[in-house]
Amino acid sequence: MGRTTTTGVDGAISVLQALSRADGVMRTADCLEQTGLPRASLHRIAVALAKHGLVETGRGTLRPGPAAAAFPTANQRSAAKTAGRRASRPDTTAAGHMQLPGTGPLPLTAPPRLTRKPRFRIGFSNASLDNPWRTALVHAIEYAAAYLGDHVDWLAVRHAGDDAARQAEHIDALVSAGVDGLLVSAAGFERVSSAISRAANKGVAIVMVDRWLGPGVPHLSYVTSSNQFIGATTARWLIEQMAGSGRIVMLPGLQAAEPARRRYRAALSALARFPDIEIVSTHWTGWRHEPAHAEVSRLLARGERIDGVWCDSGLQGVGAQQAFVDAGFGSGQIPPHTGGDLNLAYKLALRHDVPLAAVDYPPAMGRVAVETLYAALCGQWVCRRIDVPSDIILTRGSATASVQPTLWADDHVRWDLPDDLILHTGLGQSYSPRSFRIRYPGNSYNRSAAQLARVVG
Amino acid sequence: MGVHPTAGVEALCDMLNAVARCGPVTIGELCSRERIPRSSGFTIARKLLDAGFLVRLPRGRIAIGPQAVHLAFARYGLASLAGPAVPVVQWAARTGDAVVRLHAGDTTLVAAPAPFSGPVLSRRDIRDRNGASVACLEAAGTRNGCDPVLLATALDRAALTLEHHLALEPNE
């Protein structure tokens, strides 16, 4: 029986492989030639396969059968069952507004040639942990790794403190430790791109998240949210709030970070069409509230008139809003601001009646990045670039002709949660950065890597 | 004993169909369920794993592999879409905030998020290089509701991408 089984099974597998390659109906003569089977054996095997619906036989032809058609949805069904069992898992990455998709075929990446393993080792090289958004990104990544459960051998997270040399060392160390896949939020170009290239050459699958290094640096996918959309939409809203003329302060984020530069360029490009808008000051804040507070306070102390403040995030926007409050501006007297992300930005705007527009940069992209990396490690194709959708959030009464909200700020704000909460994390309604606990292969005592870094730091 | 000369092939078919029907399962469970001798079952499973018709999961489970998925697409002459279909359908679902599926013949080949349900809101044919319709993309709404313009544009681009891959020569 052993010999018969071996021969028949090998023959059946070679028939199925030949049918896969043929892509549709295949002549029996071609199948005989490709498999090298004797005619009688092919006939016996085809009859057995046809009996089970794996093959359809015709006059001198073979074709994959109806039972084979059920294969693609089999894994999707089991994944859906798992998702159903974990119904509490929020899926906010699917919600939100997205700009109209571009044109032309979507760029896709074919899977790398990897050895299929049941469990994967995943590394996350994080640019830094210097603001609440980056903590939320780490939490989203850990959450996704925890959800993958025993498909992950371990997850290791390293924070580079915005030091490219340190990040390159981290990437080399993670590769030496045997990672199969690497998530990178890049702190700098040259050293980091070299480290990524070295990792890719060793067969490590790379997915960039949040900050990338351009198309020339090897990666399978780049997961982000449209920074161009954030910059352009908020600037357009500010222009329309000011009826096309007035004096504004520009407070972009971290100059070294590509997302901040992209948002700033998009905002400048929108403003350039309005010669009556004067930029009083441009000050890079590093996404910290202190520089924004200091700059606005300095301008107000000098007696400058400010009709609007453009910030690419509420991380620094709260500093600007607070500076107006500290300077004695009452409720309804503070000029329009832009920039969300941070719970406090919405709280301040609603408390002091500040017209506010924001498009959050969703940390939920961390979860999508892990899922994309996992898909690639499993041998699936992935999109070369993934834009995680986000909402346009406005305070009530501040909608303009071309910028309408998909979410009102008072519906978005979380009065019951801490000021440093980042919204759009995809971690559910009860997520709080202060009480976040997670268990995944690679951490201990249910502590987040962000929490550990702060303790060690 | 009169062993049927295709007993191994019968066992292979039973195993593939059972994994497709029941989802991830251990080889031991599969052998018990399908009444296949364990030694034969493990031998056949190893061959199917090596050929990519099955994949190994944690805790000793096996599931349908990429080669089996490829075979399903080949039934409809869509083998070149076996890889691109999943990310494209997922992209369309995420962008259009809808449930999207790729449908050929009477079979749903890919759905995101699975399973596909609800009335079809929008539909795009996938045409081969001769202009014949070989499959279609269909979208149904989600609880959040969706923007019909955004959904139509997303389906258009997804269909364009799939047609692009369908038109590529196998070695491109």
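This is a predicted model: local features need pLDDT of at least 70, side-chain atom pairs count only at pLDDT 80 or more; totals for chains, interfaces and linings use all residues.
View 1. Chain B contributes 71 residues to the contact, and chain A contributes 67 residues. The size of an interface is often expressed as the accessible area lost when the parts come together. Here, the area buried between chain B and chain A amounts to about 5,800 Å², with carbon and sulfur atoms giving 66% of it.

**View 2. Polar and charged pairs between chain B and chain A.** Four salt bridges are counted between the two chains. One of the residue pairs forming a salt bridge is Arg75(B) with Glu56(A), whose closest N and O atoms lie 3.2 Å apart. Residue pairs in polar contact between chain B and chain A, both at pLDDT 80 or more, number 14.

**View 3. The side of chain B that touches chain A.** Several elements of chain B each supply at least two residues of this side, including helix H3 (38-51), strand S3 (61-64), helix H4 (66-75), strand S5 (107-112) and helix H6 (148-167). The largest share, 11 residues, is provided by H1(B). By residue class, this side of chain B comprises 41 nonpolar, 19 polar and 11 charged residues.

**View 4. The hairpin of S6(B) and S7(B).** Strand S6 (residues 120-127) and strand S7 (residues 133-141) of chain B run antiparallel and are joined by seven bridges. Across this pairing, Arg123(B) stands opposite Glu138(B), a residue of S7(B). Five residues lie between the strands of the hairpin, in which Gly131(B) adopts a positive phi near 90°.

Terms used. Residues are numbered from 1 along each chain as its sequence is written. Chains are lettered from A and ligands numbered from 1 in the order in which they are written. Side-chain values use heavy atoms; hydrogens and water are left out. Contact means heavy atoms within 4.5 Å. Buried area is the accessible area (1.4 Å probe) that two parts lose on being put together, summed over both. A salt bridge is a side-chain nitrogen of Lys or Arg within 4 Å of a carboxyl oxygen of Asp or Glu. A polar contact is a pair of N or O atoms within 3.5 Å; within protein, one must be able to donate a hydrogen and the other to accept it, and residues adjacent in sequence count only if both atoms are side-chain atoms. Helices (H or I, at least four residues) and strands (E, at least two) are DSSP runs, numbered from the N terminus. Ala, Val, Leu, Ile, Met, Phe, Trp, Tyr, Cys and Pro count as nonpolar, Asp, Glu, Lys and Arg as charged, and the others, Gly among them, as polar. Two strands pair if DSSP finds at least two bridges between them.
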